[in-house]
Amino acid sequence: MNANQFLKAVSQLQGWRECAYLLALAERAFPNYALFADAVGMKSGGKMRQLLDLAWGTLQLDTSEAAIPQLLSKLETLSPNVDEFDAYGVYPAFDFCQLLEQALLNRLNPNKHRATEASQLATKTVMDFVEMSEGEGMDDDELIRLFEQHPLLKEDKIFQRDTVLALKRQRVPSEDFIEELRNDASNEGVSNLGIPLDT
């Protein structure tokens, strides 16, 4: 699947498949939030984990529409304000919050396509991290080469592509399928930035 085919496949995701894709992106990014919250003493990692679990639950359960605004409201209270922190980690943490927000908004308004933007946001989180950690002083050409060869960006591409392919093949959001998708996305607690939750 080349880049154009991938973009087309993402743009065609609808309904539960689009929501599952958004949740998978959020799941992969969750350790970035949990580690940041822990590092700055926010003590909100556990609450956010519960919120993400509830969001996954909306794929299986007939969640009432009234429940979604409550979840969104809770997400807002748990989201860090990027202007209040000097630490770089606030940006990947906030990106995670945006991905989860898109998944919840998808349940509220499934007719608005969100997957393409979310896919780009998830990849941008990785690109920004790579540039920040390894790209200092590089010109644009050097940065492009760094991005093309970087293992984290290759992993991100493979993860997103495999998730889309799995969703395209699946007819219904069965419990086993969603569990498998979620396990793959959680990547044994290693985020899209290659940072393990259990350090």
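These entries record what I looked up on open space and helix packing in a predicted model.

**Entry 1. Basis.** I worked from a predicted model, in which local features need pLDDT of at least 70 and side-chain atom pairs count only at pLDDT 80 or more, while totals for chains, interfaces and linings use all residues. Residues are numbered from 1 along each chain as its sequence is written, and side-chain values use heavy atoms, with hydrogens and water left out.

**Entry 2. Largest pocket.** I looked up pockets on a 1 Å grid over the protein atoms alone, a pocket being an open set of points with protein on both sides within 12 Å along at least five of seven lines. The largest pocket has a volume of about 470 Å³; a volume is the space filled by probe spheres set on the points, which are joined across faces, edges and corners. I counted 17 lining residues for this pocket, where lining means having an atom within 4 Å of a point. Nearest the centre of the pocket lie A3, F6, T123, D156 and K157. The elements giving two or more residues to the lining are α1 (3–11), α6 (115–134), α7 (140–149) and α8 (151–169); helices are DSSP runs (H or I, at least four residues) numbered from the N terminus. The largest share, 6 residues, comes from α8. By class, I noted 7 nonpolar, 5 polar and 5 charged residues in the lining. Here Ala, Val, Leu, Ile, Met, Phe, Trp, Tyr, Cys and Pro count as nonpolar, Asp, Glu, Lys and Arg as charged, and the others, Gly among them, as polar.

**Entry 3. Cavity.** I then searched the whole structure for cavities, sets of points where a 1.4 Å probe fits but cannot get out. The search finds 1 cavity of 30 Å³ or more. About 60 Å³ of space lies in the largest cavity. I list its lining as R28, L152, E155, D156, F159, N187, S191, N192 and G194. Helix α8 gives the largest share of this lining, 4 residues. The classes are 2 nonpolar, 4 polar and 3 charged.

**Entry 4. α2 with α9.** I found that the axes of α2 (residues 15–39) and α9 (residues 175–186) come within 8 Å and cross at roughly 30 degrees. Axes are lines fitted to C-alpha atoms over the stretch in contact, and angles run from 0 to 180 degrees between N-to-C directions. The two helices are therefore roughly parallel, the term for angles under 35 degrees, with over 145 counted as roughly antiparallel. The crossing of α2 over α9 is right-handed, that is, the near helix is turned clockwise from the far one by less than a right angle, anticlockwise being left-handed. In contact (heavy atoms within 4.5 Å), W16, A20, A24, E27 and R28 of α2 meet F177, I178, L181, R182, D184, A185 and S186 of α9. I classed this contact as 7 nonpolar, 1 polar and 4 charged residues.

**Entry 5. α2 with α8.** I recorded an angle of about 150 degrees for α2 and α8, with the axes 10 Å apart. This makes α2 roughly antiparallel to α8. The contact joins W16, R17, A20, Y21, A24, L25 and R28 of α2 to F159, Q160, T163, V164 and L167 of α8. Its classes are 8 nonpolar, 2 polar and 2 charged. The crossing is right-handed.

**Entry 6. α5 with α6.** I found that the axes of α5 (residues 90–108) and α6 come within 10 Å and cross at roughly 165 degrees. The pair is thus roughly antiparallel. The crossing of α5 and α6 is left-handed. P92, D95, Q98 and L99 of α5 meet A118, L121, A122 and T125 of α6.

Key:
Parallel < 35°, antiparallel > 145°, perpendicular 65-115°, else oblique.
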